Structure formats: C-alpha cells, structure tokens
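Open the viewer and get ready to select. We will go through one chain, then look at where it meets its partner.

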Amino acid sequence: MGLIRLIIFGFIAMTIAYFVISIYSRSVRREKLENRWAEKHPDGGDARQREIFIQRGMAAYHSSLRPKLILLVYVAPVVLIATIHIVTTYY
Amino acid sequence: MRRIKQIFITLVLILFGALLHYVLPQHDIVKITSTEIIRTDFSSLNRIFYAQADSGSAASETRDLRLINTQKKKTWLLGFYPRDKMGVMVYRNEDTGWIWPPYFKFDSADLQAEAAANIAPGQERWVVVTHYGWRNKYLSIYPNAIGIRPVEGPDVTVIPWFNIVFFAFLLFCFGFLRAVWRQFRQRTVDPALESAEDTWDAVGDGMTQRRNRFSRWLDTWRSK
C-alpha cells in the first residue's frame, strides 16, 4: 500500500515540478530571443518580423534536446529512491 | 506588522530547522552493549515519533519495538566537536517503509542481528550508528538506527556526505525557485499589472471627460 501511495504522490509532485521547470525554461528562452532581437534592432524593428523571429526560435527550441532533458525530473527521483533503498538495506 | 512578520518567519525557520534535525541522518560512535525488544503502547503524544509496523505486517495499537542499547561517545555541536565523556544512548530499530522519513528501510530484523553480532563485552569494538530522530525521556522516544558500520576506534572522523549533498541541493532548489519566481513576476505579473494600470487610467480619463461634460452642462444652467 505504501508503495502505491508513494508512486501516486510522487507522480503528482514530479508532474508539478515538470510543468514549472518547462514553463520557466520556455520563458527564459523567449526572453533571450527578445533580447537578441533588441540587440540587432535598437530601433525596435518591424513588429511582424520580430514575431516571426521569436516563433522560429521557439520552434527550434522545442525540437532541440533541452526540453526533453526536463523529463529527467521523472527519472532522477526514482534513481535516488532506488539508491537510498539499496544503500540502507544492503550496506 | 513588521514585527509580526519577523516573528512568523523566525518561527517557520525554527520549525524547518527542527524538522531537518529530526529527519536528516546523523552518525554516533558507540559500543553496543545489548539489544532488546519491548512491547510498546503508543499515545497520541508520541505516536508521530514512531514509524509504522514492520513492512508487510498488520498495524495494531500495540506492538513490539526493537531497541539497541549502546554506550556512546558524547559530542557537542551536532557531533562536530568530539568529547572524551561517555554516555548511553538507546536506539529504536524500525522499518520506515516507503513513505516517511524517506530512508526506504526494510531490514530492521537484519540490522538487529548485525547489532547483536557487534556486542563484545570487555572488548573495544566500536561501531558508527547512522540514525535519525531524537531521544526524549519525557516522551519515551528514540532515534531510529538506519545502519551499523564497524570502525577502528572511537576517534574516527565521519564525513556526512549525504548531508553535504542534501544542503547543496536545498540551496540549489532555493535559488532555482527564486529565479522562477522572478521570471514569473517580470514576464507575467508586471505586464499584467501595467495593462491593468493602463485600463484604470483609461477609465479615469473617461470619467474626467464625462464629468467635464456634465459640469459644462450644469454650467449652462447657471445664471450668467
């Protein structure tokens, strides 16, 4: 029973962490793109062009490895729990 | 108001520190003198300081509790400052199971056997007991032994690797959450507030215009 409870609550906690981290990561990337545009176009540039530039950058981000690495949030605690369990039980 | 806030924050910090002091592993250098089992009836006062029945067993009101009696080298400053003085310490030995505290310990029977194997009357056989929890005489609570490791002598230095990594991770989490909060405020809350302010200003402007119109209309009634 304890294990089932751990899995359910662990899954909920990890999902919250996953969403927080991915939203944060996306926001940071968007900010970076905006800053890069502002650097190249000190006068602000064309608003439509800017939108396209940012959309393209975000698309590149979504197909890169980085957002997939956030899935490690689900893997790391499982590995940690297994390690603690093995160390306390077998050593 | 500021005072109350300060007191509140201090209280939260003290409670959090106490929680960490209770849950994080600590190491004692001891000589095991005996092991025993006592029947225990928990009260509502001390129930939360005990784990549940052995993993896989039924939970009942009263149960046997494994204890490890030791002679312990006393320390100051959470074990960082060793002393020559000896005292006694009693550890309980319970499964923590899958939930809390997260030690995932299922081997209390084996640990009890290990403790018994290290009883050596008249000899200098020292072990390091890894444990969490508090000993309190008034509540009859004991720290829970997690592991036993034989060591050369009473003067070994134990480096708390787990706690070092844990506090580093805690610091990292704190920094990360602060960064997340700042990003959220800068990118989501502030623009929303600004646009709300703009709307408010627009409403305000509309009001003044309307009032102006109204007062102008009133003015038309004034006797010239």
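Predicted model: local features only at pLDDT ≥ 70, side-chain atom pairs only at ≥ 80, totals over all residues.

Now trace chain B along its sequence. The elements come in the pattern α-β-β-β-α-β-β-α.

Next, zoom out until chain B fills the screen. Its C-alpha atoms fill a box of roughly 115 × 40 × 30 Å along the principal axes. The radius of gyration of chain B is 31 Å, whereas a compact globule of 224 residues would have one near 17 Å. Of the 224 residues in chain B, 17% count as buried.

Select residues 25-158 of chain B: this is domain 1. Then select 160-219, which is domain 2. Give each domain its own colour. The centres of domain 1 and domain 2 of chain B, taken over C-alpha atoms, are 51 Å apart.

Stay with chain B and think about contacts. Take those between residues at least 6 apart in sequence: 66% of them join residues at least 24 apart.

Last stop: show chain A as well. Chain A brings 15 residues to the contact, and chain B brings 14. Which elements of chain A give two or more residues to the side that touches chain B? Select helix 1 (2-40) and helix 4 (72-90) of chain A. Helix 1 of chain A gives the most, with nine residues. Colour this side of chain A by residue type: eight residues are nonpolar, five polar and two charged.

Note on methods. Residues numbered from 1 in each chain as written. Chains lettered and ligands numbered in written order. Domains from an automatic or database assignment. Contact = placed C-beta atoms within 7 Å. Helix = DSSP H or I, 4+ residues; strand = E, 2+ residues; numbered from the N terminus. Nonpolar A, V, L, I, M, F, W, Y, C, P; charged D, E, K, R; others polar. Rg over C-alpha atoms; globule rule 2.2 N^0.38 Å. Buried ≥ 20, exposed ≤ 12 C-beta atoms within 10 Å, placed from the backbone.
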